[in-house]
Amino acid sequence: MITVQAPDGAPEVGQGDDLAALVAGLFELADGDIVTVTSKVVSKAEGRVRPGTREDALPDETQRVVARRGPTTIVRTRHGLTLAAAGIDASNVAPGTVVLLPEDPDASARAIREALLARTSRNVGVLITDTAGRAWREGQTDIAIGAAGLRVLVDLAGSVDAHGNELAVTAPAVADELAGAAELTQGKLAARPFALLRGRDDLVLPPGEHGTGAAALVRPDGADLFGYGAREAVVRALRGEEEDRAAFGSPAAPGELADAIRTVLPEAMVSTEGGAVVVLGGDARMLAGLAFAFGWSPDDAPGGDGLRFRPATP
C-alpha cells in the first residue's frame, strides 16, 4: 500500500532556511520513505528569487527557444528541461519578483537527503518537483526535476507479460509518477510544499548511493521528434497560411531567427547586421518560409550579397 501525506504548518521559506530541518519537523521519517519538495521552496532557500518579470529573466534561463506563439514561449532550459517560460514562476512570491528554478535540482536533492540522514539517521529518497504542461494534453501536472537516492526509471524491457509478450521499450518514469501523486495532496494554494510517500521503499537506494538523478529523465537534445517546434511552423508557413502568422504575435528577435536558420540549414552562413538577418547559401524558398514563420520577410532593398530579411510589417 502506498500512502501520501502533505501536512499543513510549513512556514514561509526564505533564503538560507534549512529545508531538512523543516522536513524533519513535519514528518516522523522511516527508512525507505520518499520526501518530495517543491522546486519553489528550494529556489527560495537557495536565493533564486529575482526582481522583475518573467520576460526580464527569460533570456538568461534559456538555452534554446523551442516554439513561440503569442505571449507563450516554450524553451529548453540550461537543465535540459523543456518548459513554458523556462519554469520561471511569478506566483506565491512578492509582487514585482519572480522565482527561477534551482541552479542544480539534483544537487539540491542530494544535499537535502544527506542532511536528513545526518539529522534523523533515516535513509530516504528525495524528489524536487515542478509543474509542467504536456504536449497534446490540457492542464498541468508535477514532474521530478531533481532526485537523490531513488530509481527514477524502472526499465522493464525484456520482461514478459502474462500472455508471454516480451516488453520492448516499457520504462515507467516512476519519479514523475511519485511527483504527481504528491501534488494531489499538496495542492497549489494550500501552502504544503513538502510531502511524504511511503510504500515504495523498493525504489530507494542505500545510503551514499544517490543514483542518476532526475537528469536521467531528460531526452538528449535532438533525440525526439518534437524538440524544434519552429519546424512545424515552417511547414505551415510554406503553405502560405496567413492566419498562422498573426497567431505568432510580434516578430522574433534577429538572433532567434538566425539560430533557427542555423539549426535547419547548418550549411548556411548567417549574420545579423543593422537590424537585418543576412544568409549566404541555402534554398531561397525554404529560407523565406522560415523567416515567414518567425514574423520576418525578404528585404527587397538592393545591395549586398546573399538574402536579407527584416521584420515583417502588417
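Which residue in β14 does Val279 stand opposite? Val279 stands opposite Leu307, and the points below start from the sheet around that strand.

1. A word on the basis first. This is a predicted model, in which local features need pLDDT of at least 70 and side-chain atom pairs count only at pLDDT 80 or more, while totals for chains, interfaces and linings use all residues. Residues are numbered from 1 along each chain as its sequence is written, and side-chain values use heavy atoms, with hydrogens and water left out.

2. The sheet. Four strands, in the order β11-β12-β14-β13, make up an open sheet of 4 strands with antiparallel pairing. At its edges are β11 (269-273) and β13 (296-298), each of which pairs on one side only. On average, neighbouring strands are turned by 30 degrees against each other, direction ignored. Strands here are DSSP runs of E with at least two residues, helices are runs of H or I with at least four residues, and both are numbered from the N terminus. Two strands pair if DSSP finds at least two bridges between them.

3. The β12 and β14 pair. Strand β12 (residues 276-280) runs antiparallel to β14 (residues 307-311), and 3 bridges join them.

4. Helices on the sheet. Helix α8 (residues 254-264) lies across β11, β12, β13 and β14, at about 175 degrees to β11. Helix α9 (residues 284-293) lies across β12, β13 and β14, and runs at about 15 degrees to β14. Contact is taken as heavy atoms within 4.5 Å. The axes are lines fitted to C-alpha atoms, for helices over the stretch in contact, and angles run from 0 to 180 degrees between N-to-C directions.

5. Burial in α9. The buried residues of α9 include Leu287, Leu290 and Phe292, along with Gly289, Ala291 and Ala293. Buried means under 20% relative accessible area, exposed over 50%, and partly exposed in between, with a 1.4 Å probe and protein chains only. Just after this helix, Gly295 takes a positive phi of about 80 degrees.

6. Arg308 and Glu273 form a salt bridge, with the closest N and O atoms 3.1 Å apart. Because Arg308 lies in strand β14 and Glu273 in strand β11, the pair ties together parts that are 35 residues apart in sequence. Arg308 counts as buried at 18% relative accessibility, whereas Glu273 is partly exposed at 39%. The criterion is a side-chain nitrogen of Lys or Arg within 4 Å of a carboxyl oxygen of Asp or Glu.

7. Asp259 is partly exposed at 46% relative accessibility, and Arg262 is partly exposed at 39%.

8. Other salt bridges. The structure holds 14 salt bridges. One of them joins the side chains of Asp202 and Arg200 at 2.8 Å, N to O. Elsewhere, Arg48, Glu61, Arg78 and Glu103 are linked in a network of salt bridges.

9. The β8 and β9 hairpin. Strands β8 (residues 125-134) and β9 (residues 137-148) pair in the antiparallel sense over 9 bridges. Ile128 has Gly146 in β9 as its bridge partner. The two strands form a hairpin with 2 residues between them, and Trp136 in the turn has a positive phi of about 70 degrees.
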